Amino acid sequence: MIKLIGVLVVAAGFALRFNTLLVVMAAGIATGLCAGMSFHEIMTQFGRFFVENRYMTLPVVLIVPVIGLLEHYGLQEHAERFIRRARAVTPGRVLLLYTAVRQISIALGVNVGGHAGAVRPLIAPMAEGAARARYGDLPEKIVQTVRAHAAAAENVGNFFGEDIFIAVGAVLLMKGFFESTGLNVSVWEMALWGLPTALVAFAAMWWRCRRLDRRVARAATETAGAEGKGGP
Amino acid sequence: MKLVTLEAFYAIAGVVLLLVAGRIAMDASHPKRWGSAAFWALLAVTFLLGNVIPPVVVGYLVLAMAVLAAAQQVGRPTEQGVPRAERVAHEERLRHRLLWPALLIPATAVAGTLLLGKVHFGGVRLVDSKQVTLIALSLGALVALGAGLRLTRAPVHTPLTEGSRLLQTIGWALVLPQMLAALGGIFARAGVGEVIAQIVASALPTQHAFVAVLAYCAGMALFTIVMGNAFAAFAVITGGIGLPFIVRMHGGNPAIMAAIGMLAGYCGTLLTPMAANFNIVPAMLLELKDRHAVIKAQAPIAAAIFIANVLLMYFCVYRF
């Protein structure tokens, strides 16, 4: 039971809003000490895993210079202008389409998209542009909500398409696990059974996108109403 | 043998980070000049020399980075990006051509993933087939940078200036995914997962087929929330709850259990700040005021998918 101290440290640290890096470090040190590791040993573990997992940070570091360059020359503004010309677009529809593209492409083994490479420079501005094309300027709060949903569209599309493709991490990991326990489970069967949840995920995204569109519409009429009354 | 490894791209990223640190050190108007410069320089060292210096030294460097961040010595610069009017003026000149470099990133990544792994000269492979996706993506970023520079005729320091600004927008949260992966590793070594699996298994009446499914799915989601990673949860929870109760006790189908169980774990990923690369870093990248805004947007989706997963598994796992 005492091994769970790290979970407690993380929960308490997040709740008290301490710096997350420090909370994580403290949780690792507490857990390691309780499991009988020395401080030096814990630092060694941190160092080893930190270096092993550099691949998580690598794409962001390499992509931001070119994205920054293109944004300097108006990429976000272009994405916004581009979407304004399409009729019948709403932020929800832009995001739902992106989720679908992401799910289908990753199910076929093609990993396009990403938060740094697609969401920030293209998808979020398009969703915002779709909202502005309909309602003009929007309150900052609703802009933030639209952006948060753009990140959600990326995550949902990414997570719930991936398991349908057999040659990626998740299915191979499951296969490897079953082999280690002596069970022979077909990768095709596991991939097939990822499909129902993929459809559910798309339906859930459709529901959230519809709600997002309604929220944007409501916020827009409220601001317009407030302006009409000459309010603050 | 492989000709190109990820190590080469880590070195390039290290140089980028070192240049970011250098820019900050030269910027007298930076509110947290020396702390920030030190933070990015330390990170650069782990990218440039990560495999050369001993892990224990990296561990202490990481500790130093955490202390700098906690002491609020890592901050954003005062300099702003170019004004909107200027960006719009450029946009009116370049129009659709602006999209090409942005699309080159995924295009190169896909083509590279499909082709690079197959290239070999006798016994010498061009790239390691395990690293091919990341190498292709990194290559895509560099190719796109070249195309972007050609298109905009921007001076070479522009991508550095803009990239540096974007990286500082993300700030110390950039290394959070790596830190959490390290914490996950320490949790795994200490056996935290086994304890959680035991608690769930002993606290619930798993002799009921539905409770077994619920315990497995909830275990996957909860442990993923704690670890930030469904892959880490899978072996522990499937070994501790799934196999003994769903498969052995109730005769469920392991393929259905695993496929849907992993996806129940992903619902946990949507909910946890521990999955920083999916939930926290994007919030910083999109300049959201609330760093948990992405999680809040995802919470209803995760809840809906989770419930559907439990029902799907219950109705299918014992039937097929």
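Predicted model: local features only at pLDDT ≥ 70, side-chain atom pairs only at ≥ 80, totals over all residues.
1. **Chain B overall.** Of its 320 residues, 53% count as buried. Take the contacts in chain B with a separation of 6 or more: residues 24 or more positions apart account for 72% of them.

2. **A helix of chain A that is largely enclosed.** Look next at helix α5 (residues 75-84) of chain A. Seven of its 10 residues are buried, so the rest of the structure largely encloses this helix. The buried residues are Leu75(A), Gln76(A), Glu77(A), His78(A), Ala79(A), Glu80(A) and Ile83(A). What covers them? The cover includes α4 (58-72), α6 (91-107) and α7 (115-135) of chain A. It also includes α4 (84-94) and α5 (99-115) of chain B.

3. Helix α8 (residues 140-162) of chain A packs on α14(B). The angle is about 60° and the axes are 8 Å apart. That makes α8(A) oblique to α14(B). The crossing is right-handed. From α8(A), the contact uses Gln144(A), Ala148(A), His149(A), Ala151(A), Ala152(A), Asn155(A) and Val156(A). From α14(B), it uses Ala293(B), Val294(B), Lys296(B), Ala297(B), Gln298(B) and Ile301(B). These residues divide into eight nonpolar, four polar and one charged.

4. **Helix packing within chain B.** Helix α14 (residues 293-317) of chain B also meets helix α10 (residues 209-227) of chain B. Their axes come within 10 Å and cross at roughly 140°. Are the two helices parallel, antiparallel, perpendicular or oblique to each other? Angles over 145 degrees would count as roughly antiparallel, and α10(B) and α14(B) are therefore oblique. Their crossing is right-handed. On α10(B), the contact residues are Phe210(B), Val213(B), Leu214(B), Cys217(B) and Ala221(B). On α14(B), they are Phe306(B), Asn309(B), Val310(B), Met313(B), Tyr314(B) and Val317(B). Here the division is 10 nonpolar, one polar and no charged. An α-helix has 3.6 residues a turn, so residues three or four places apart point the same way.

5. **The sheet of chain B.** Three strands of chain B form an open sheet in the order β1-β3-β2. The pairing is mixed. Which strands are at the edges? They are β1 (2-4) and β2 (120-121) of chain B, and each pairs on one side only. Two bridges join β2(B) to strand β3 (residues 124-127) of chain B, and these two strands run antiparallel. Phe121(B) has Val124(B) in β3(B) as its bridge partner.

6. **Two positive phi values.** Two residues of chain B deserve a check of the backbone. Phi of Gln72(B) is near 55°, a positive value in a residue other than glycine. Gln72(B) sits in the loop between α3 (55-70) and α4 of chain B. It counts as exposed because it has 11 C-beta neighbours inside 10 Å. Phi of Arg95(B) is near 50°, again positive in a residue other than glycine. Arg95(B) is in the loop between α4 and α5 of chain B. Arg95(B) has 13 C-beta neighbours inside 10 Å, so it counts as partly exposed.

7. **One residue of chain A.** Last, Leu33(A). It lies in helix α2 (residues 20-34) of chain A. Leu33(A) and Ala11(A) are 22 residues apart in sequence and 18 Å apart in space, C-alpha to C-alpha.

Key: Residues numbered from 1 in each chain as written. Chains lettered and ligands numbered in written order. Buried ≥ 20, exposed ≤ 12 C-beta atoms within 10 Å, placed from the backbone. Helix = DSSP H or I, 4+ residues; strand = E, 2+ residues; numbered from the N terminus. Contact = placed C-beta atoms within 7 Å. Axes fitted to C-alpha atoms, helices over the stretch in contact; angles between N-to-C directions. Parallel < 35°, antiparallel > 145°, perpendicular 65-115°, else oblique. Left-handed = near helix turned anticlockwise from the far one by under 90°. Nonpolar A, V, L, I, M, F, W, Y, C, P; charged D, E, K, R; others polar. Pairing = 2+ DSSP bridges.
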